[in-house]
Amino acid sequence: MTSLRCQCGALRGTLAEKTVKSGTHLTCHCRDCRAFQVAVGRDDPGASDGVRILQIGPAGLEITEGSEHLAALRLSPRGPLRFYAACCGTPIATTPSKLSLPFAGLIAEIIEDQNALGRVRAEVNVTALDGKVKHKGMGRVVRALFANAGAAIIKGERKKTPFFDADTGQPVVEPVVIDKARKAEIYAGL
């Protein structure tokens, strides 16, 4: 098992080794991933260099302590769910808005053994000098996403996630939608 924790240590969890090995370690440079960091108070200058993510099927992820600190937000009313530790503002993961796709983009900084992640295998949403968005390794990212999600569905693990209630299919916490003024302020600073 690989341990994970928020910055202050109030929220802790584990990640199965097979989940780490089947995950895709990438860096995302999109404005939404960076905006999430800012929205939860993690206005890290390094965020402009992208946000490191481990894309996983969430069945191998367990929150073992401090689940009461789990909170969620959305950058828009229909956007993905972005989970964080409310105790210290540590970003935890991004998931689809519904339980139908078993997927989580786990924020790599919460994983205690960074060596377990291996090298970054993709750089996505990089804005080139000409203003075009480019990707390196996007095929690998997409293939792994669908392979992990498909495996979870086949194994009957679609509902095994710490982010959604298995019975209702609803998020375990009510997400807050960032209001338009705050969103505009966040994006203006990126």
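## Val142 and helix H3

Val142 lies in helix H3. The model is predicted. Val142 has a relative accessible area of 38%. That value falls between the 20% and 50% cut-offs, so Val142 counts as partly exposed.

Val142 and Arg52 are 90 residues apart in sequence. In space, their C-alpha atoms are 16 Å apart.

## The largest pocket

Rolling a probe the size of a water molecule over the atoms shows where empty space is left. The largest pocket has a volume of about 350 Å³. Its lining is made up of 21 residues. Nearest the centre of this pocket lie Ile53, Gln55, Thr94, Phe103 and Leu145.

Which element gives the most to this lining? Helix H3 does, with 5 residues. At least two residues each come from strand E3 (24-28), helix H2 (31-39), strand E4 (51-56), strand E8 (90-95) and helix H3 (138-154). By residue class, the lining of the largest pocket holds 15 nonpolar, 4 polar and 2 charged residues.

## Helix H2 and its end

Helix H2 is one of the elements that supply the lining of the largest pocket. Which residues of H2 are buried? They are Cys33, Arg34, Ala35, Phe36, Gln37 and Val38. Just after H2 comes Gly41, with a positive phi of about 85°.

## The second largest pocket

The second largest pocket holds about 220 Å³ of space. Helix H1 (17-22) and helix H3 each supply at least two residues of its lining. Helix H3 also contributes to the lining of the largest pocket.

Lys18, Thr19 and Ser22 are among the lining residues of the second largest pocket. The residues divide into 3 nonpolar, 5 polar and 4 charged.

## The cavity

How many cavities of 30 Å³ or more does the structure hold? There is 1. About 40 Å³ of space lies in the largest cavity.

Pro58, Thr95, Lys98, Leu99 and Leu101 are among the residues lining the largest cavity. Pro102, Phe103, Thr161, Phe163 and Phe164 line the cavity too.

Methods:
Residues numbered from 1 in each chain as written. Predicted model: local features only at pLDDT ≥ 70, side-chain atom pairs only at ≥ 80, totals over all residues. Heavy atoms only, no water. 1 Å grid on protein atoms, 1.4 Å probe; cavity = no way out; pocket = protein on both sides within 12 Å on 5 of 7 lines; lining within 4 Å. Points joined across faces, edges and corners; volume = space filled by probe spheres on them. Helix = DSSP H or I, 4+ residues; strand = E, 2+ residues; numbered from the N terminus. Nonpolar A, V, L, I, M, F, W, Y, C, P; charged D, E, K, R; others polar. Buried < 20%, exposed > 50% of the residue type's maximum accessible area, 1.4 Å probe, protein only.
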